[in-house]
Amino acid sequence: MDRRDAFRLNALTSGHRACSGCGQAMAARMVTDLLGPDVIIVNATGCLQVFTTHNAQSAWQVPWLHSVFANAAAVAAGVEAAQRGRERPARVVVQAGDGGTFDIGLQCLSGLIERGHDALFICYDNEAYMNTGVQRSGSTPHAARTTTSPPGRLSEGKSQLKKDLLAIIAAHHMPYAATASVAFFPDLKAKVEKAMSLSGPRFLHIFSPCPLGWDHEAAASVQVARLAVETGLFPLVELEYGAVTGVMRLAQPRPVEEYLRLQGRFKHLFREPRGAEEVRHLQALADANIRRYGLRDAPTTWDTDEAGRVQRGGRGGYVTTPEHLS
Amino acid sequence: MKRQIEGSQAVAEAVRLCRPQVIAAYPITPQTHIVERLAQMVADGDLVAEYVSTESELAAASVVLGAVAAGARAYTASASQGLLLMTEVLFNIAGLRLPVVMTCANRAVGAPINIFNDQQDSLSLRDAGWIQLYVESNQEAVDTLIQAYRIAEACELPVMVCMDGFYLTHTVESVDLPDQAQVDAYLPPMHFARTLDPAAPSTLGGGSEPDNYLEYRQAHHRALERALVEIETAAMSFADLFGRAHGALLDSYCTEDAERILVTVGSAMGAVRDVVDALRARGERVGALRLRCLRPFPTAALVQALQGARRVAVLEKAISVGLGGIIVTEVRAALHHAGVRVPVDGFVGGLGGRDLTPDSIAAVFAASAAAGAAPIDCCFVDAAEDPPSPPPASPVKEPLHGPS
């Protein structure tokens, strides 16, 4: 049977070693099935590389290449250059975590985009270096606890802000860039399909909770991811050539505290009075996102409630109402 | 066809003749003329290849890694700081057993920053798992580059062709450039069996563990050992087809009856040959041996070539600071292991572009001849008596801000 006719590709097949509730495993499984079989994946070092390949074992049913941490985008550039002029060129896709995107991989990513390679770069953002044991990254949000941004007598967690990566990406004026979330599969699906319908450099930033690093229940990953969107902390937007062209409207913005209280990495903010100030800072950041992207009044086809109610492929489906979240 | 041509341009012509499909480049002196010439060839349509101008040497090495993993013949070049910035990826290319070919235009490594020639850069990467070939002339640089693709693709190992910066890269000399049909006959189209292909998905670069990593490294070592044969074969077939030879693993000069042999690497051999001629004219039985291949280390051939000598000196353009010469240490180890008890004197010179003149080389021969039973450990050729240590900071004549 031609692999393209299969009911489900299972590009990332079962038996891998991700933690239960791993947002990155969920996201990668969703994304790579949508990509189809005619791809070559280049993976940065990180959890996804570690839990999917082990000795001679591999969970990948598509061609997959890992080199080192910093260079995934540049390796992909080489793979893509090799495809040019071929009869049936494979599409090139990069997968990296936030360390491999925001920090150590940023230079190679910028080069990939600047040179206009035909490649899709996917960042699975779990907001810290999880593979090495939860150290802060440029993506770690303000006030979050990591092993290298610990709360203490003189600290309320990470003192800096989460890097505004999308603004950096937007400054490259590339054909397509979008944020997505494991909690909004239909939206994620539409964005992957849109990205794959275009050529040139494209970027997908997918919010992927880490139960281990964020210290929440494994079963709560989707709920946490949903609240990140619904609070305005992680807006779902689309950019074309640097301009915002799509926004997921918030049906009813939720208070940031609701999101923070689910996660142990913010627990210290609720133990002492001085934490309350950081909670206000985080709420202000969410409010700024809401204003910046017009998350309350954007003229979009669906909002967070409608997107959450979309039946999944007509089989079972999922329905989420505010009652489910409390 | 013979042409008066700069070394870098000659190498670019050789690259073109090997029909690379992907070229990755990042500028660094003294490598730049090679990739500039390649860019012009692509711009003029004389070379059909994807030319990727990367944002760093780390990316350039990564681009050729990706291209070769996807089945394309690829080329890059670098030197000095650039080569060291590539280091992580160069180890990775070798571990993945990818047949990448690159040129190193040998240059000193800072600090203090210095753009001129020595071989500290590539010798610092001798443990990276690459085949390393060092050339003496621009003709040899051209011929070795063509051989390098054949060796790399036959062995599934990367090859670094090292040529001295400026002394070769920026020097115009007469070079016989082969024609395309000859090169095509010598070098078959690239076929990489482990090419990433959606029709036959495979995983390349997955994790390993204590229970198999050791065996991967062992296999890598064995592959390099086996490559000795392929390097010799490539040189012999090249000589058959093109009528030129530069040695294979070694290149010896007047060693057959030599009592004292000077071992060196790279372009310094040209002046060494002249000094050997002059000393022989005075009746001294001296010879010279050039290591063309440093990795894999040609232990057996080296022992064979040196075992008749009464004294050996090694003159090299790099140092393992805190130990002494790098190559001298390896030569001593090879001879010792083979039970050949010949004293080996160590000379480090030519660093950072200091000329190794015929007089300097004659002084090396003389010092080695005059030394007693104990070998000279590490002598710095032509070094000032009182070197500055550490490098002095530039004096600030006018303070930027007045006293507060």
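Which residues of the largest nonpolar core touch the most other members? In this predicted model, the core comprises 231 residues, and those touching the most other members are A:A76, A:V79, B:V22, B:V63, B:V64, B:A67 and B:V159. Helix α3 (residues 57-69) of chain B supplies the largest share of this core, 10 residues. When residues up to four places away in sequence are not counted, B:V159 touches B:V101, B:W130, B:I131, B:L133, B:A148, B:I151 and B:A152.

Chain B contains an open sheet of seven strands with mixed pairing, ordered β3-β2-β4-β5-β7-β6-β13. Its edges are formed by β3 (50-53) and β13 (293-295) of chain B; each has a single partner strand, so one side of each is left without a neighbour in the sheet. On average, neighbouring strands are turned by 20° against each other, direction ignored. Within chain B, strands β5 (residues 101-106) and β7 (residues 159-164) run parallel and are joined by six bridges, with B:C104 opposite B:C162 in β7(B). Helix α2 (residues 32-43) of chain B lies across β2 (22-25), β3, β4 (74-78) and β5 of that chain, at about 135° to β3(B).

Between the chains, 37 residues of chain A are in contact with 37 residues of chain B. On the chain A side, two or more residues each come from β1 (39-43), β2 (53-54), β4 (64-66), α3 (72-83) and α5 (106-114), and α3(A) gives the most, with nine residues. This side of chain A consists of 21 nonpolar, 13 polar and three charged residues. Strand pairing also links the two chains: β4(A) pairs in the parallel sense with strand β9 (residues 203-204) of chain B over two bridges, and A:W64 stands opposite B:T203 in β9(B).

Definitions and conventions:
Residues numbered from 1 in each chain as written. Chains lettered and ligands numbered in written order. Predicted model: local features only at pLDDT ≥ 70, side-chain atom pairs only at ≥ 80, totals over all residues. Contact = placed C-beta atoms within 7 Å. Helix = DSSP H or I, 4+ residues; strand = E, 2+ residues; numbered from the N terminus. Nonpolar A, V, L, I, M, F, W, Y, C, P; charged D, E, K, R; others polar. Pairing = 2+ DSSP bridges. Core = buried A, V, L, I, M, F, W, Y, C linked by C-beta atoms within 7 Å. Buried ≥ 20, exposed ≤ 12 C-beta atoms within 10 Å, placed from the backbone. Axes fitted to C-alpha atoms, helices over the stretch in contact; angles between N-to-C directions.
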